[in-house]
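I opened the notebook to record what I looked up in one structure. The entries follow the order in which I went.

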Amino acid sequence: MKTKMTLAAAAMLLGTVVTPALAQEKIKLGVIVTLSGPAAALGQQVRDGFALAVKDLGSKMGGRDVEVVVVDDELKPDAAVTKVKGLLEREKVDFVVGPIFSNILQAIHRPITESKTFLISPNAGPSTFAGKDCNPFFYVTSYQNDQVHEILGKVAQDRGYKRMYLMVPNYQAGKDSVAGFKLDYKGEIVEESYMPLNTLDFQPELSKISSQKPDALFTFMPGGLGVNLVKQYRQAGLADTIPVLSAFTVDESTLPAQQDAAVGMFGGANWAPNLDNPQNKKFVAAYEAAYNSVPGTYASQAYDTAMLIESAVKAVKGNLSNKDAVGAALKKADFTSLRGAFKFNNNNYPIQDFYLTKVAKRPDGKFQTEIVQKVFENYGDRYAKDCKAAN
C-alpha cells in the first residue's frame, strides 16, 4: 500500500499519470509496400518518405518512441495477406501503412480493419472503399484513384482533343483510371486497351497508335510498365506527334530510368516537387540530401501519412487504447501537409487540389515533374455521398 501511495504521490508532484505501459512500450508502425520486381521504386519512395518523417519527428510520436517494421508485399495478394498477419499477430503493430497497388489493398483491407487496426494508405485509393463500403478504420492520404485520371480527361476535353487512345493495366486501378478519364472527356475513344501487369513489349500497341493517329494518348502505366512504355514510345517517334497525357507513368519514381525520353510528357497529380510552400521546399531538399534522388508523390504522401499519425497520437496523448478517440483525431488531420490545403472527406479520403504537370530536366541534370496549371480545387471524390460507416 505504501508503495502504491508513493507512486501516486510522485505522479501528482510531477503532474503525470502513472501509466508504465505507455511510458515503456514503443508505438509500432507496420509499412507494407512493393519492394521487389519492376515496381520496387514506388515502394522505396513510400518507405523512404515515411522514414524521413519519422526521423524529423525524432523517432517519437506523442512522447512515445516509434518502431517501424517494413515488409515487402511482393506485388502478390496472397503474400501480402501472410505478411499482414505477421504484422498484426507477431509484431502487434498499432497502425498499418500501405500498400502501393489497389489489388494488394483489396486483399489486406479486411484482415486489418476487422482486427480494429487502423490502415492508412499512402497511395492506393480504389473506389471500392470510397462509397458504401467505406470503413472507420481505413484512411487514404493520397486520393481516390479516379481523381488523378479525371485531371487528364478534363485537360483533353478543354484542349479540344477529339480522338483519344486509352491504354491502362488490366486490374482495378486501371479500370478506375478509365472511369475517371471518361467523367469529363466527351470525345471519341478510338481504342481502349487493357494490358497485362507484366507487359514489357508495347510495340503492338504502338503500331496501332501510329496507324490510328489519335489526337493524344491517355495512359496509366506505373513503375516498370511506364519505364518501358515511355522509352518505346519515344523510340517509335510518336512523342513528337501524339501528346501523352498520363498518370503515374512519368513521375519521380520512373524518371531516373526514363530520363530524356519523358521530357515534355504530361501527368496529373496532387503534388509536385516544385509546389511553392515552405514545408514542401524543406521536404524536397531533405529528401534529396538523404537519398540523392528527387521525391515523387509516393514519398510526399508517405511523409504526410507519418505526420497524420503523429498528429493523432499527440491528440490522444499517446494513449491508443480508445479507438474512437484515435479515429476522431485522425479525421481532424491536424498537421501541416506538404500539399498545403488538406482535409478528409466523410469517407476518409482527402479533399485537395489537383494539377496538370509536365516533365522537365533541371539545370543539375535531374528530372522532375513541374506544375503547369491547377485543374481542380478543394476537390472531393464522387463516391463519398454513399459512405455512411466512416462518418
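**Ground rules.** This is a predicted model, in which local features need pLDDT of at least 70 and side-chain atom pairs count only at pLDDT 80 or more, while totals for chains, interfaces and linings use all residues. Residues are numbered from 1 along each chain as its sequence is written, and side-chain values use heavy atoms, with hydrogens and water left out.

**Record.** I looked up UniProt, where an unreviewed entry lists residues 26–360 as "domain: Leucine-binding protein". Such annotations may be inferred rather than shown by experiment; the positions are in the numbering used here, and feature names are shortened. Over residues 26–360 I noted 42% helix and 21% strand, with the end C-alpha atoms 43 Å apart. Helices (H or I, at least four residues) and strands (E, at least two) are DSSP runs, numbered from the N terminus.

**Backbone.** I found a cis peptide bond between Gly-98 and Pro-99, with omega about -5°. Pro-99 sits in the loop between strand S4 (95–97) and H5. Ser-59 lies in the loop between helix H3 (40–56) and strand S2 (60–61).

**Helix pair.** I checked helix H4 (residues 77–90) against helix H5 (residues 102–114): their axes come within 9 Å and cross at roughly 35°. Axes are lines fitted to C-alpha atoms, for helices over the stretch in contact, and angles run from 0 to 180 degrees between N-to-C directions. In the contact (heavy atoms within 4.5 Å), H4 gives Pro-77, Ala-80, Val-81, Val-84 and Leu-88. The H5 side includes Ile-104, Ala-107 and Ile-108. The contact has ten nonpolar, one polar and no charged residues. Ala, Val, Leu, Ile, Met, Phe, Trp, Tyr, Cys and Pro count as nonpolar, Asp, Glu, Lys and Arg as charged, and the others, Gly among them, as polar.

**Cavities.** I found three cavities of 30 Å³ or more. On a 1 Å grid over the protein atoms alone, a cavity is a set of points where a 1.4 Å probe fits but cannot get out; lining residues have an atom within 4 Å of a point. Grid points are joined across faces, edges and corners, and a volume is the space filled by probe spheres set on the points. The largest cavity holds about 120 Å³. Among its 15 lining residues, Ile-100, Asn-123, Tyr-143, Tyr-171 and Phe-220 are the closest to its centre. Its lining has eleven nonpolar, four polar and no charged residues.

Definitions and conventions:
1 Å grid on protein atoms, 1.4 Å probe; cavity = no way out; pocket = protein on both sides within 12 Å on 5 of 7 lines; lining within 4 Å.
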